[in-house]
Amino acid sequence: MDINKLKRAFAYNLFYEQGKTTRTATLNDYYLAVAYTVRDRMQHLFVNSVEALLDKESKIVCYLSAEFLLGPHLGNNLINLGLYEDVAQAAKETGLDLQAILAHEEEPGLGNGGLGRLAACYLDSLATLQIPAIGYGIRYEFGMFDQEIVDGWQKELSDRWLHPGNPWEIKKPDMDCEVGFGGHTEIYQDEKGKRRVRWLPGRVINGVPYDTPIPGYKVNNVNLLRLWSAEAPQSFDFEEFNVGDYFGAVEEKMAAENITKVLYPNDEQFQGKRLRLEQQYFFVSCSLQDMIRTHLFMHDSLDNFHVHFQGQLNDTHPAVAVPELMRLLLDIHHYQWDQAWDITCKTLCYTNHTLLPEAMEKWQLDLFGTLLPRHLEIILEINRRFLDAVRLKFPGDNTRLSRMSIIDEAGPKYVRMANLASVGSKAINGVAAMHTDLLRKHTLKDFHEMYPGKIHNVTNGVTPRRWIALSNPRLTRLLIDAIGEGWITHLDELKKLENLVEDTSFREAWRKVKEANKREMAEYAFKTSGTVANPEAMFDVQVKRIHEYKRQHLNVLHIITLYHRIKANPNIDLTPRFFVFGGKAAPSYFMAKRMIKLITSVAEVINTDPEVGDRLKVFFIPNYNVKIGQMVYPMTDLSEQISLAGKEASGTGNMKFSMNGALTIGTLDGANVEIREEVGAENFFLFGLQVEEVMQRKAAGYNPVDIYNNNAQLRAVIDLITSGHFSHGDRDLFRPLVDSLLHDDPYLLLADYQDYVDCQDRVSETFRDQEQWTRMSILNTARMGKFSSDRSIHDYCRKIWQVEPFPVELKWQRIPEGGIVFPKLRAT
């Protein structure tokens, strides 16, 4: 680990791994050389972690997620291994710039947003808390698309994240799994005369694992992210080739590889999307087979499988695990139904992430049966037995039966994946207190009444290693100097900052950190778009997936309101603001893409209007991702968390902003409720209808055009849009957005508009008192201890998984000079 050995390792990996010298090496070669050096130093920790589990068993948490939005590996691994300063020094002494190398690293685009980023934070916390864990997912060849803004519109480009090389993964071809699709089933009798079912798939593909080590923070434990890639069992057909059918010779290979070719954006309508179902079943089957194989390596039977493995389903994407585990137990390992069901239900747990009905995943019965005929048979039998149990508990309640059935029979038949996961799991959890309450009272009310106590709350959290220690080094240094470094693993220790709120010198130092971070963003904005930002302005930020329920267009209405005030009175005294947006719209989401166009069009007008000057500026960050997020959260003054109450399950961006000292303007939605409770109502800018009021408004017959007619300020803002002021005179460009607001407004923007604008006026007034704003900023950071993903994992361990930490002792420090004596090779 010493600096001289690190320098030698850089050179060794450049020469032997890259085959380059300093005369021919590129920045990518230097990045790979440094990355391999760091990975090598993780490998001995990983080997020790595996050996420790072989010596003494512990329950292993298996986190099944269709997305893992990891972010760049190098910086995070350096922080967790305690190597950041040493590697920076070694790089400097060899003429390398570590910051340039970190900036060069390609980001793995293996997720759409919050769901995948949460999974990544949880992997970090599992390793840090020394909980043995495997993350299971898909190795998408092309990740979430790269976003360009062309003439104000989003343009999607392929995310070729693997093209520069991925030094962190290790391919394990000898651990592949076979996965079937289609075909048919047949009944037969086994050697004991028992009735069995055999699935004869129409096609079979191979799942090949790629392993990425996940180190904990300054511990010996290294966990594993295992991503599956689809390959054909036979990649080249010589018969087809020899008769001149060159495409047919590789057709099977291409069809198989399509399964893991690309990540679907999560706003696509998946119903009828065969490939998406193939992806879900593919990685779930590989993962369960891998778990069973690992268990049987150490045990003679699967009777106690659930004692040693705990599967966590991250939303409904892996819910097909319920019938797949049943199939493996029934058809492959010949368990009887009752025992197989008992093992399945004790092994699996389900996290619900949404309250939006359209996001509740379901699959057409015909599609499901064609692709997975055996699984449909198992689901129908699960449903038959389940509905019998419902009838016994609620006799005569046929409408309840219809709601709870795994099969939706209202019109074309569908398999309801949320119902399937709820029936086949030992525990269900929501991801924020309010979200869980709404699950119990509304979304999963029937299941809560059927299984009292089954639905738990585990409020989401984020890892302070990436989101403070790595992304905000200036704040990290200030915190360590002031209160020590214990907060990095025990975030509650930030409470000590409360004693420094009235320290004038500390407040000054706090402001200097924020100002330096804001200047970096201002430079980035100018370099990226030519936008000139005033670093002394309030940096007002909304970065998240572009969606109507997240209400980026409410933010835009406020910006236009301020602009209208300036145009009506050019000498008006306004608190200067720099508005920052970032996020991607699903390629087929027409309204979301038009919202991006509205933001960029408003920016084009405001940023070039001489009457506005530097009082208002608007910047849309192209291709928002984890790497950019690491720059955005530290520089933010005001965090916009403005979704309609009752629509956001939790949110995690809200936590990252507050941890870095931003103040929040928000509704009582998702985790905003708990953030406000923790930081204090006086340090949170609250506006908007509450959940009950939203329901009442809609039940009473909500008519948004009445609000438009009765609010002169709102009418002026919307009329400015429809006049073509922001579209070079084109009155129709934003007509779909305006018509939706005036005649439908499903997310009640107009109902919340005036309260939002009034609240923003209070924000502006508060920002003028920089001493008071700084106090509020410090208190936001100081009171965010609850929102560490470490606390979330503690909750899972205690409430749901019943798993204990498993500290790893280092036995294999290095390979002995004389080598090692290999035992007799195992056949498998």
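Buried means under 20% relative accessible area, exposed means over 50%, and partly exposed lies in between (1.4 Å probe, protein chains only). Keep that in mind on this tour of a predicted model, where local features need pLDDT of at least 70, side-chain atom pairs count only at pLDDT 80 or more, and totals for chains, interfaces and linings use all residues. Residues are numbered from 1 along each chain as its sequence is written, and side-chain values use heavy atoms, leaving out hydrogens and water.

**First stop: a salt bridge**

Select D29 and K20. Their side chains meet in a salt bridge, 2.6 Å from N to O (a side-chain nitrogen of Lys or Arg within 4 Å of a carboxyl oxygen of Asp or Glu). D29 counts as buried, at 6% relative accessibility, while K20 is partly exposed at 24%. The whole structure holds 56 salt bridges.

**Next: two helices**

Show helix α17, residues 433-443 (helices are DSSP runs of H or I, at least four residues, numbered from the N terminus). Here D437 pairs with K441, with the closest N and O atoms 3.2 Å apart. D437 is partly exposed at 31%, and so is K441 at 48%. Then pick D338, E381, R384, R385, D388 and R391, which salt bridges with shared partners join into one network. Within helix α14 (residues 373-393), R384 and D388 sit four residues apart, about one turn.

**Last stop: the core**

Colour F282, F368, L497, V632 and W801, which touch the most other members of the largest nonpolar core, a set of 199 residues (buried Ala, Val, Leu, Ile, Met, Phe, Trp, Tyr and Cys joined through side-chain atoms within 4.5 Å). Helix α2, residues 27-55, gives this core the most, with 11 residues.
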